Amino acid sequence: MHGPALSGWLLMVLCGLTGAYCLLRTRSGTERERGAARSEALMGFGMAAMAVPAALFTPPRWTWAVYAVVFGASSLRALTRVRGGGHHPHHLVGSLAMLYMAVVMVQGAAHTVAGAHSGHGAGPAGGVPVLTGALLAYYALYALRSAGHLVPAPAPVAVADGGTVGVVAWGARPELALGCRLTMAMAMFTMLLIL
């Protein structure tokens with residue numbers, strides 16, 4: 001990404017932690033919830049890797065093509081599941097946004113190399129302004145809507161046969177899953193801004 005190094009570090013850590021929590025969520029819930037958690041973990045780790053500051057590591061040009069393939073496949077998978085409702089439409093938008101950013105980075109890397117060879121020193125392209133603006137609007141509205149739903153709910157308590165009260169696992173807390181999605185929406189908004 002092309003932002004300040006501090007933004008890259010913060011995004012990398014935030015998205016990496018979010019991806020790790022999403023992996024934790026894959027251990028509990030229904031198959032549908034575990035599938036959503038796997039999609040969100042992929043998104044979190046992909047965003048973390050994309051946000052690595054250039055001062056730490058500059059990925060080779062082919063890395064962005066790999067991103068495009070991975071998130072293109074993720075988009076196709078999400079597209080086949082959109083009719084199921086739930087968070088699949090949001091996952092589709094997220095996968096398409098990651099695909100879009102990867103394509104912009106591929107073009108930017110090619111443009112930079114071409115500029116260096118021609119002596120112009122051209123910088124990377126910033127993407128299609130209308131599409132970037134539409135994605136920014138989507139993630140801003142999604143974050144605002146999600147934040148409004150982020151009121152802590154009382155944790156459901158299960159009573160075991162022996163009469164003892166059980167504790168709900170961290171991966172099964174719906175407000176934490178919503179917080180995870182909110183965090184990634186805000187991170188995606190930031191990444192699109194510094195694209």
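Q: What share of the 195 residues of the protein chain counts as buried?
A: Of the 195 residues of the protein chain, 39% count as buried, a term that stands for under 20% relative accessible area, with exposed set at over 50% and partly exposed in between (1.4 Å probe, protein chains only). The model is predicted, and for that reason local features need pLDDT of at least 70 and side-chain atom pairs count only at pLDDT 80 or more, whereas totals for chains, interfaces and linings use all residues. Numbering starts from 1 along each chain as its sequence is written, and side-chain values rest on heavy atoms, with hydrogens and water left out.

Q: How many helices and strands make up the secondary structure of the protein chain?
A: The count comes to 6 helices and 0 strands, where a helix is a DSSP run of H or I of at least four residues, a strand is a run of E of at least two, and the runs are numbered from the N terminus. Read along the sequence, the chain therefore follows the pattern α-α-α-α-α-α.

Q: What makes the reach of helix α1 close to the expected one?
A: Helix α1 covers residues 5–25, and its 21 residues reach 30 Å from the first C-alpha to the last, close to the 30 Å expected at 1.5 Å a residue; the expected span is 1.5 Å times one less than the number of residues. Helix α2, at residues 31–50, has 20 residues and reaches 28 Å between its end C-alpha atoms, close to the expected 28 Å.

Q: Which parts do the buried residues of α1 pack against?
A: The buried residues of α1, among them Leu 11, Met 12, Cys 15 and Tyr 21, pack against α2 and α6 (174–193). In α2 the buried residues include Ala 36, Ala 41, Met 43, Gly 44 and Met 47.

Q: Which residues does Gly 16 touch, not counting residues up to four places away in sequence?
A: Gly 16, which lies in helix α1, touches Leu 11, Gly 44, Phe 45 and Ala 48 by that count, contact being heavy atoms within 4.5 Å. The C-alpha atoms of Gly 16 and Met 43 are separated by 9.6 Å, although the two residues are 27 apart along the chain.

Q: How many salt bridges does the rule give?
A: The rule, a side-chain nitrogen of Lys or Arg within 4 Å of a carboxyl oxygen of Asp or Glu, gives 4 salt bridges.

Q: What makes Arg 34 and Glu 31 a salt bridge?
A: The closest N and O atoms of Arg 34 and Glu 31 are 2.8 Å apart, so the pair meets the rule. Being 3 residues apart in helix α2, Arg 34 and Glu 31 are separated by about one helical turn. Arg 34 is partly exposed at 24% relative accessible area, and Glu 31 is partly exposed at 46%. The side chains of Glu 31 and Arg 38 also meet in a salt bridge, at 2.8 Å from N to O, with Arg 38 partly exposed at 39% relative accessibility.

Q: How far apart are the closest N and O atoms of Arg 181 and Glu 40?
A: Arg 181 forms a salt bridge with Glu 40, the closest N and O atoms being 2.6 Å apart. Arg 181 lies in helix α6 and Glu 40 in helix α2, so the pair ties together parts that are 141 residues apart in sequence. Both Arg 181 and Glu 40 are buried, and together with Arg 25 they are linked in a network of salt bridges.

Q: Which residues form the nonpolar patch on the surface?
A: Leu 42, Trp 62, Val 66 and Val 70 form it, with about 370 Å² of accessible area together, an area that comes from the Shrake-Rupley method with a 1.4 Å probe, where for residues only the protein chains shown count as cover. Patches are made of residues with over 30% relative accessible area and no salt bridge, nonpolar side chains (Val, Leu, Ile, Met, Phe, Trp, Tyr) being joined within 5 Å and like charges within 9 Å. Val 66, partly exposed at 41%, lies in helix α3, and α3 (residues 62–81) supplies the largest share of the patch, 3 residues.

Q: How many disulfides does the rule give?
A: With a disulfide taken as a pair of cysteine sulfur atoms within 2.5 Å, the count comes to 0 disulfides. Cys 22 is buried at 0% relative accessible area, and Cys 180 is buried at 4%.
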